[in-house]
Amino acid sequence: MDADGRTLLRVVPTSRVVETLATGATPTDVTVGAGGVWVANGRRLRSAQFVGPVATAIARLDPATGTERGTASLPQGGGALSNLVDNHVTTSADAVWAIAPNFRVARLDAVTGRPTATTNAVPAAVIAAGRAGVWVAGVDGSVARL
């Protein structure tokens with residue numbers, strides 16, 4: 001991931017060739033699963049906690065071609081905005097999960113890429129998914145299973 005160049009790098013395993021994929025925005029995080037490559041794209045927001053891009057949208061890239069297949073905006077309203085970027089997007093079998101700038105977790109449908117639900121169970125800082133479910137660690141030290 002190259003935020004300054006607005007690109008992702010993909011290594012083709014059979015040839016070890018490195019391909020550069022333009023994202024059209026500043027990538028802040030990336031995950032693979034649920035039928036796609038999912039990129040958190042960011043931009044600078046005036047009210048963010050720190051200087052730097054804030055993930056405001058999730059783009060779906062086709063894993064075979066690297067072309068963008070859609071994008072969805074993340075909720076931004078209400079209070080403080082975080083631009084922490086590590087571990088802010090993950091996938092489960094049928095969904096993409098992303099932490100929005102307002103610390104809410106958004107669930108996106110893996111087929112359409114559209115948000116289907118949001119939750120503020122904890123003020124989310126980190127998200128991960130695995131066989132045991134989707135887990136969120138909060139900025140306040142709390143942990144929740146979604």
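Select Trp-38, Ala-40, Ala-55, Ile-58, Ala-72, Leu-74, Val-89, Val-96, Ala-98, Ala-100, Ala-106 and Leu-108: these twelve residues form the largest nonpolar core. Such a core is a set of buried Ala, Val, Leu, Ile, Met, Phe, Trp, Tyr and Cys residues joined through side-chain atoms within 4.5 Å; buried means under 20% relative accessible area, exposed over 50%, and partly exposed in between (1.4 Å probe, protein chains only). Colour strand 4 (36-43), strand 5 (54-61), strand 8 (95-99) and strand 9 (105-109), the elements that give two or more residues to this core. Strands here are DSSP runs (E, at least two residues), numbered from the N terminus.

The model is predicted, with pLDDT of at least 70 needed for local features and 80 or more for side-chain atom pairs, while totals for chains, interfaces and linings use all residues. Residues are numbered from 1 along each chain as its sequence is written, and side-chain values use heavy atoms, without hydrogens and water.

Next, centre on Ile-58. Beyond neighbours within four places in sequence, its contacts (heavy atoms within 4.5 Å) include Trp-38, Gly-70, Thr-71 and Val-89. Then move to a second, separate core of ten residues, among them Trp-97, Ile-99, Ala-124 and Ile-127.

Finish with the salt bridges (side-chain nitrogen of Lys or Arg within 4 Å of a carboxyl oxygen of Asp or Glu); the whole structure has three.

- Arg-10 and Glu-19 pair at 2.5 Å, N to O; Glu-19 is partly exposed at 27% relative accessible area.
- Arg-69 and Asp-62 pair at 3.7 Å, N to O; Asp-62 is buried at 19%.
- Asp-94 and Arg-107 pair at 3.4 Å, N to O. Asp-94 sits in the loop between strand 7 (89-91) and strand 8, and Arg-107 in strand 9, so the bridge ties together parts 13 residues apart in sequence.

Methods
Helices (H or I, at least four residues) and strands (E, at least two) are DSSP runs, numbered from the N terminus.
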